[in-house]
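Let's take a look at how charged side chains pair up in a protein. Have the sequence and the 3D view ready, and follow along.

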Amino acid sequence: MRNAIFTAALCAATPLAADPVTVIVFDASGSMWNRLEGDLSRIEVARDVMGNYFVDRDPDAPYAIVAYGHNRRGDCGDIEVVTPMGRHIGAGQANRIVGLIPQGMTPLTDALRVARDQIPDTAEAADIVLITDGLETCGGDPCALATQFASEGIALRAHVVGFGMAPGEVGALSCLPERTGGLLLEAATGAELAAALAQVTSAEPVAVTVVMSLHAVSAETGAPLGAADWQIADETGAVVAEGEKSDPFDIVLPPGEYSVAATAPGYTGKMALTVRPDIVQRVAVPLTEDRPEASLEAPETAPAGGALEIGWSGPDAEGDRITLVSPGAAAGETFAVTLTRNGNPVTLRLPDETGPYELRYEQNRPQRILATRPITLTATEASISPPDTAPPGERFEVAWTGPAGPKDEIVLAETGSPDDARIRATLTRWGSPAKLKAPDAAGTYELRYRVGASGRIIARAPVTVGATE
């Protein structure tokens, strides 16, 4: 019965076949519930705009409406001719759009195929207007379909209106308008959607200047790079626009071919730019990282708690530094750090914990890692060689070996006392042998090598203080 009704409706449209016709392909997939303006979802904004569009549209201009994704979840065949080709009362079509409940997939290629079937073979001209908030999710190839449209020999234009799509994402559908002579438009608000619909369905091309919104992204990761310096040149090479530290860089240009050059801290890039007669074009400009060369020279292992000399090469810019971190640590999670301005080689004070670490050359502006080198911190060896006896109350010498860190000490303490206890101490930086004053009371004491960075005792030796006569 439904097929019979559909056939009758199509037959009824036959007398209109010589007129220019339009087919609206409307995205009613589940993603249309995403928020767009304040507390309103994309579908709520689109319903309002589309309703006004149909009410205001010339009732003598034939059109059809195809929708997808509004009946069943996960069904790529969920495509429906909501309104067959013909002349329609606008209020009724507005009510049909209001009744669409987004919940399904985005089979936009097959939906465009269904839209093509709504166009009478004898139509003087036809426009298919795809309004979508996302890309194909059902494996279709819209570019192949665009080639098919272009080869059919009829005046068929396919337009794309990206509604609320991520910046630059709608470019994946540019093949549709490029191969059929249509328009590629972006709309981020209800007002822009209304303007886009007015433009693609107007009888005559609308002469507009184009608002371009350029923003810099990493060519490697696509991540935003923030403020950049911009230069736009026309086909002759003449500079037509420049901007400093802009994010985004908003300019108004007439349609045509341009070249864009941009620089952000640590990044540069160029690209060709085609300005089409659209409402707004948001363009992501990919920049390549301008990474200076850097290197590190250090042994594969070093004793924990000591001092390590590290040779390096690099830009030596303000704030650049050599760091020691855990492998894979985020920037700023350092165990030791020294600035490159302190010389070459630089001296890095190592932590007392053994295990694998990573040396890095970290650039300050922009913040990034230019070179890495693995290093393993090994257990520190130390020894203490006390005299056979020490005279009470007098100075005596203690030979020692160890890492000699900046706050390392040779400590004299009571035997069995806590590791942080001390009677006297001297810094290892004064050299070996160390000089200490013996207690007045005769007895057996303990000499300790204490690592200043952690307080760990890495060597012990008893010392006898002789009896007083």
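Keep in mind that this is a predicted model. Why would side chains pair at all? Side chains with opposite charges can pair up when their charged atoms come close.

| Salt bridge | Closest N and O atoms |
|---|---|
| R72 with D75 | 2.5 Å |
| R360 with E358 | 2.6 Å |
| E397 with K435 | 3.6 Å |

Let's go through the pairs in turn. In the bridge between R72 and D75, R72 has a relative accessible area of 39%, so it counts as partly exposed. D75 has a relative accessible area of 25%, and that makes D75 partly exposed too.

Next up are R360 and E358: buried or exposed? Both of these residues are buried, and their closest N and O atoms sit 2.6 Å apart.

Then there's E397, which forms its salt bridge with K435. This pair links distant parts of the chain, with the two residues 38 residues apart. You'll find E397 in strand β26 (residues 395–401) and K435 in strand β29 (residues 434–437). E397 is partly exposed because its relative accessibility is 46%, and K435 is partly exposed as well, at a relative accessible area of 42%.

Finally, which residues are linked in a network of salt bridges? That would be D419, E446, R448 and R460.

Methods: Residues are numbered from 1 along each chain as its sequence is written. This is a predicted model: local features need pLDDT of at least 70, side-chain atom pairs count only at pLDDT 80 or more; totals for chains, interfaces and linings use all residues. Side-chain values use heavy atoms; hydrogens and water are left out. A salt bridge is a side-chain nitrogen of Lys or Arg within 4 Å of a carboxyl oxygen of Asp or Glu. Buried means under 20% relative accessible area, exposed over 50%, partly exposed in between (1.4 Å probe, protein chains only). Helices (H or I, at least four residues) and strands (E, at least two) are DSSP runs, numbered from the N terminus.
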